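Please have the sequence and the coordinates open while reading.

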2 protein chains.
Amino acid sequence: MNSEAVLAPFVASSMVGERAQVNIDLGDRSYPIIIDRGLLQDPKAWDGLPPGHLALIVTNTVVVDLYAASLKQALASQYDRVEVCVLPDGEEHKNWQTLQMIFDHLVDDGADRRTVVFALGGGVVGDMTGFAAACYMRGVPFVQIPTTLLSQVDSSVGGKTAINHPRAKNMVGAFYQPLRVVCDLDTLDTLPAREFSAGLAEIIKYGPIADPVFFEWLEANIDALMSRHTQTLRIAVQRSCEIKAWVVACDERESGLREILNFGHTFGHAIEAGMGYGNWLHGEAVAAGMVMAADLSVRLLGLSSTYRDRLVRLLERAQLPVQGPLLKPQREQSVEDYLRWMRSDKKALAGDIRFVVLADWGKAITRKAPESLVCDTLNACCA
Amino acid sequence: MNSEAVLAPFVASSMVGERAQVNIDLGDRSYPIIIDRGLLQDPKAWDGLPPGHLALIVTNTVVVDLYAASLKQALASQYDRVEVCVLPDGEEHKNWQTLQMIFDHLVDDGADRRTVVFALGGGVVGDMTGFAAACYMRGVPFVQIPTTLLSQVDSSVGGKTAINHPRAKNMVGAFYQPLRVVCDLDTLDTLPAREFSAGLAEIIKYGPIADPVFFEWLEANIDALMSRHTQTLRIAVQRSCEIKAWVVACDERESGLREILNFGHTFGHAIEAGMGYGNWLHGEAVAAGMVMAADLSVRLLGLSSTYRDRLVRLLERAQLPVQGPLLKPQREQSVEDYLRWMRSDKKALAGDIRFVVLADWGKAITRKAPESLVCDTLNACCA
């Protein structure tokens, strides 16, 4: 746990006691990410939000029983009314019908432009609530309280909100920044092991693409992370947010550099879609996808295979898959399926498949790859 | 027709021959409004748009037969494919189901972030298409081609896009700026007289709130406008866009000054809602609403009644209603209904009714009004 000193800050962060704060600098849309245990119950975590008559907590059927009461109580001192909107749980509900439930609640509650909306839950709740807040009256303030490891390190930064189109993931959405992100590490205690590991995949990702020192720190601390040790978790979440903030600050509207955050995601999306959404968790698909992207980097750019192998070992210790599944019983057909899914990815422009690959360990770039090399990687990395 | 010289420009505008261009200055989201006849067929009107494989024209069942072929032909020289998405016509279709038709079309067409979306139609088409463009992949470029007088002077400036919630108008939307607005005055030739007059209501509005000289010019030129004389129309559209641009530039996100654009709208919304949406056109309701707002200004702020009476006469010459309807057969119940609808307006904060009133002729402000004065106005201005 003494490796913290070697991690130089990417962005303005501060520590108040054991509490970490990462400041996302976006001019008049700047906001802080607060990371600690016990935040839900702590009035100080909610200080300084805009006053209003009404707060609406949006959550789902699983999270509501665990944390809505604590949050409601904490907010009661600042808002005349605190209402709760409970959405069905699961990616399959990330659609307009569910979004409409939030709008209905806001209209029924008599929400106006000063109503503050709180997203309490994982990525699906955050994406939908953020999009609803972006659209209701063309924008009302919202606060994110991510309750999964994945959403704490992934949705806290970037302002991306969306719902799925029946035929395309995250196809309809908005860039919309929260007023504040509150990551209460206590909420991770109730997270199933499989989801916890899926969150670690996105944390591990930040090493190969941007920060070899962080990767070494993860290698040294993965067991403490797996046992959900508070200070180790806090550092991992903080560092991930810092790196993502640095990348996003360079490219808020996703025109270039920000693509490196999709390391492992082109292969990963093919796994998720090819296996049917929900069968592989997003983080699991990204884990296997990162191994593929590292393997492609070895073939395409001459990256040392040592790095790919270190990535495999760390992912294994995090209980994550390191091989892609066969999408069809026949290997040849499976490769065809992967290529087809990757060509239809939202980020593909006019049929080209571009990959985020490693020019060096800690330095990601985007590059088109010859189909033959991609096939070699798919053959080597699927089982 | 020689009154043009007395109109000093509010914003950077220019004339190329008879063609007017109003430049909306919003930093990196700046765009021009081009106003002339014959623009749909003129390649120069479409020069300089971003290149792309695909253009999607969104229009409705009425406009498609009139103008889609011309536009499609003009765009064919710049885009490999030009597709057309035809929406049902009417405010009652301004909802998620219709918006979904645009998303379906974009997905089916394989649209990516470089696809340019063209809104060809009135306010409903513009509002929905703009909102779809704002949300698809979190934002694709779009161009507005307003084909009604109302949308040319109202939707061209301000970046407001939206759909209706089943219980509240324009409740779900985005601020999103077009790349360009092309106002082809030819499209006004096919506009029914009633809709043309409704558009004039919004043009006339700019006099009392901001520009007494423009009001005098309208008094002198209303007959030429009613006969749809080209140069007179061009001046009226240009001047309206200039004034709206000046107001919006002061207040892009609608926090203060921009409210003056709602002169007549608080009363007007009550008329539209109370009579059932679609029975009174928006512009008709605004016309009667402006008379009420002027009358309230006389009672509340001592505005000279001469101005109210001049407004009434000009609206009458534009074939617009100058009295509100009774919302219930009993006058007393009608007044109650007006108050109830006005209290539920989106712009009402926590039950207060604020009105845009005239502190002086050409100077609008927002002010709460005692209910007794509002009742006096309702009694005086409804029949």
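Predicted model: local features only at pLDDT ≥ 70, side-chain atom pairs only at ≥ 80, totals over all residues.

## Helix pair in chain A

Two packed helices are described by the angle between their axes and the distance between the axes. In chain A, helix H2 spans residues 96-108 and helix H3 spans residues 123-135; their axes come within 10 Å and cross at roughly 55°. The crossing of H2(A) and H3(A) is right-handed.

From H2(A), the residues making the contact are A:Thr98, A:Leu99, A:Ile102 and A:Phe103, and from H3(A) they are A:Met128, A:Thr129, A:Phe131, A:Ala132 and A:Cys135. Sorted by class, the contact of H2(A) with H3(A) has 7 nonpolar and 2 polar residues, and no charged ones.

## Interface of chains A and B

Chain A and chain B each give 33 residues to their contact. Between them the two chains bury about 2,900 Å², with 58% of it on carbon and sulfur atoms. On the chain A side, 25% of the area buried against chain B is supplied by A:Trp96, A:Arg138 and A:Met171, more than any other three residues supply.

## Salt bridges

How many salt bridges are found across the interface of chain A and chain B? There are 2.

A salt bridge joins the side chains of A:Arg167 and B:Asp108, at 2.6 Å from N to O.

Methods:
Residues numbered from 1 in each chain as written. Chains lettered and ligands numbered in written order. Heavy atoms only, no water. Axes fitted to C-alpha atoms, helices over the stretch in contact; angles between N-to-C directions. Helix = DSSP H or I, 4+ residues; strand = E, 2+ residues; numbered from the N terminus. Left-handed = near helix turned anticlockwise from the far one by under 90°. Contact = heavy atoms within 4.5 Å. Nonpolar A, V, L, I, M, F, W, Y, C, P; charged D, E, K, R; others polar. Buried area = accessible area lost by both parts, 1.4 Å probe. Salt bridge = Lys/Arg side-chain N within 4 Å of Asp/Glu carboxyl O.
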